[in-house]
Amino acid sequence: MRYISTRNNESSLSAAEAIACGLSREGGLFVPDTLPVLTGAELTDLGSLTYQERAVRIMGRFLEDFSGAELERFAAMAYGSFDVREVAPVRTLRSGEHFLELWHGPTCAFKDMALQILPHLLTASMRKTGMGESVCILVATSGDTGKAALEGFRDVENTKIMVFYPENGVSDIQKLQMTSQEGGNVDVCAIRGNFDDAQSGVKRIFSDGTLREELKPRGWTLSSANSINWGRLLPQIVYYFSAYCDLVNRNAIKMGEKVNFCVPTGNFGDILAGYYAKRMGLPVGTLLCASNANNVLTDFLQTGVYDRNRPFHTTISPSMDILVSSNLERLLYMLSDGNDRETASYMEALRTEGRYRVSDVVLERIRAEFAAGFCDDGETKAVIRDAFRKDGYLIDPHTAVACGVLRKYREETGDGTPSVVVSTASPFKFCGSVLEALGNPSAGGFSHGADGTELIAALERESGVTAPAPLKALLGRTARFTDCVDKDRLLDRVRGFLR
Ligand SMILES: *Cc1c(COP(=O)(O)O)cnc(C)c1O
């Protein structure tokens, strides 16, 4: 299997090369040129395996230049630190409504599923390709990626990691998680701007030829931990298979029966992994794309017009406060039958006009695979309250957005297909909003000025649920990184970090 750029079909790379490069020279994303399809027997076989073994089986199909033993070692290191043996357990609330909990890793958000294994994939890829001695990871984060990447790469040999986050775009707990990060190879910096500013700033640095030339003789290569990197997306395909197997194992569905997944979406990485799983033969019905008030994807998937020219909303689900979803490019490439020119022209229109309209063929295909909806903050809080009061289940605002969208979709369409809500964060990462949703009057008073950690205990008291240990450990920690820079000064900061 080879990897090609979504904007240039001419040249192809090995898996290790694609992972080591991150982004292609023309700014395209790497995609596999064919997709492995699992037979029914292979799918059945996955059922009796551990999560780590499932990961090796599925990822191995895409990583021909890695040995099975290597992948076993990586999976063991990546998922051994999760706080439940199943790694990604499925919880059933009501008949036909399941929650795939992806937040049992060290930073309590689903980003750990990929970012605990990416450092191993990336450093191995660098070695295999001889692409440079040292790699510097640049990350733009809306909150969760930054911390998960810092934790994944901290003190990993021959790596450095630099994280930029929007000054006012992350929760207090998320901020403290990042600014108190330990490790000798890390740097964290706020920017005056929103997530899209951070992301486009980082993309500009990647395409800066002068900087590349400057760093090369010193042995530094730049790479990305955002989901534009194939090595970040690939591990996410695994949990769709894993959830399906678990549902079969407990007789919630029959092997071969279709399942819908509802995914709280920002950069379109998570849901795209679900689409890859479907194309690989997993019996998936509809993929439901759930958004918050930044509902650019809802409009796009319904009308075929992507238009980022709209107000940016800061919501209680900050990891989805995104107007430019990078991974959509991979979907457009697949749905246009690998048409690099067509894909590049959409992306060019997005860059120059902030808007594009896909062809009728692409729109028809989108409609056949996806449904979309959104919840505003009021609806999201009502869902959190309802899940806790009626089912005794505490969920975070991102998961609540998806849960709300699923329930609206089922009501509107009558589609009763067994459904999995992808649960992406621990509610304790967003204590203020969750307490407010539960109607706790102390929530508002705390949420400004304080670092938010005192709310962890308040939410534990209110809910009777114990917070994850890594979040409790934040109590009393102080910030190590306090700088904030203008959004056009990212390059200077990176230069300084690598000096
Ligand atoms: C990153 C994130 C999302 C969005 O995932 P994408 O892959 O960017 O679509 C949703 N919820 C949480 C908690 C996240 O951290």
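Sorted by class, the shell around the ligand holds 4 nonpolar, 7 polar and 3 charged residues; here Ala, Val, Leu, Ile, Met, Phe, Trp, Tyr, Cys and Pro are nonpolar, Asp, Glu, Lys and Arg are charged, and the others, Gly among them, are polar. The model is a predicted one, so local features need pLDDT of at least 70 and side-chain atom pairs count only at pLDDT 80 or more, while totals for chains, interfaces and linings use all residues. Residue numbers start from 1 along each chain as its sequence is written, and side-chain values use heavy atoms, with hydrogens and water left out.

Who sits around the ligand, then? Of the 14 residues around it, Lys111, Asp144, Gly266, Asn267 and Thr424 come nearest (a residue is near if one of its heavy atoms lies within 4 Å of the molecule). Polar contacts (pairs of N or O atoms within 3.5 Å) turn up too. The side chain of Lys111 has an N or O atom 2.5 Å from an oxygen atom of the ligand. A nitrogen atom of the ligand is 2.8 Å from an N or O atom in the side chain of Thr424. With Asp270 it is the backbone that takes part: one of its polar atoms there is 2.9 Å from a ligand oxygen atom. The protein covers 97% of the 380 Å² of accessible area that the ligand has on its own (Shrake-Rupley method, 1.4 Å probe).

As for the chain as a whole, its secondary structure comes to 23 helices and 16 strands, counted as DSSP runs (H or I of at least four residues for helices, E of at least two for strands). The radius of gyration, taken over C-alpha atoms, is 21 Å, close to the 23 Å that the globule rule gives for 499 residues, so the chain is as compact as a globular protein of that length. That rule is 2.2 Å times the number of residues to the power 0.38. Along its principal axes, the C-alpha trace spans about 60 × 50 × 45 Å.

Two loops deserve a look. Most residues other than glycine have a negative phi. Asp155, though not a glycine, has a positive phi of about 55°, and its loop runs between α7 (144–153) and β7 (159–166). Asp337 has a positive phi near 55° and is found in the loop between α14 (328–335) and α15 (340–353).

Key
A polar contact is a pair of N or O atoms within 3.5 Å; within protein, one must be able to donate a hydrogen and the other to accept it, and residues adjacent in sequence count only if both atoms are side-chain atoms.
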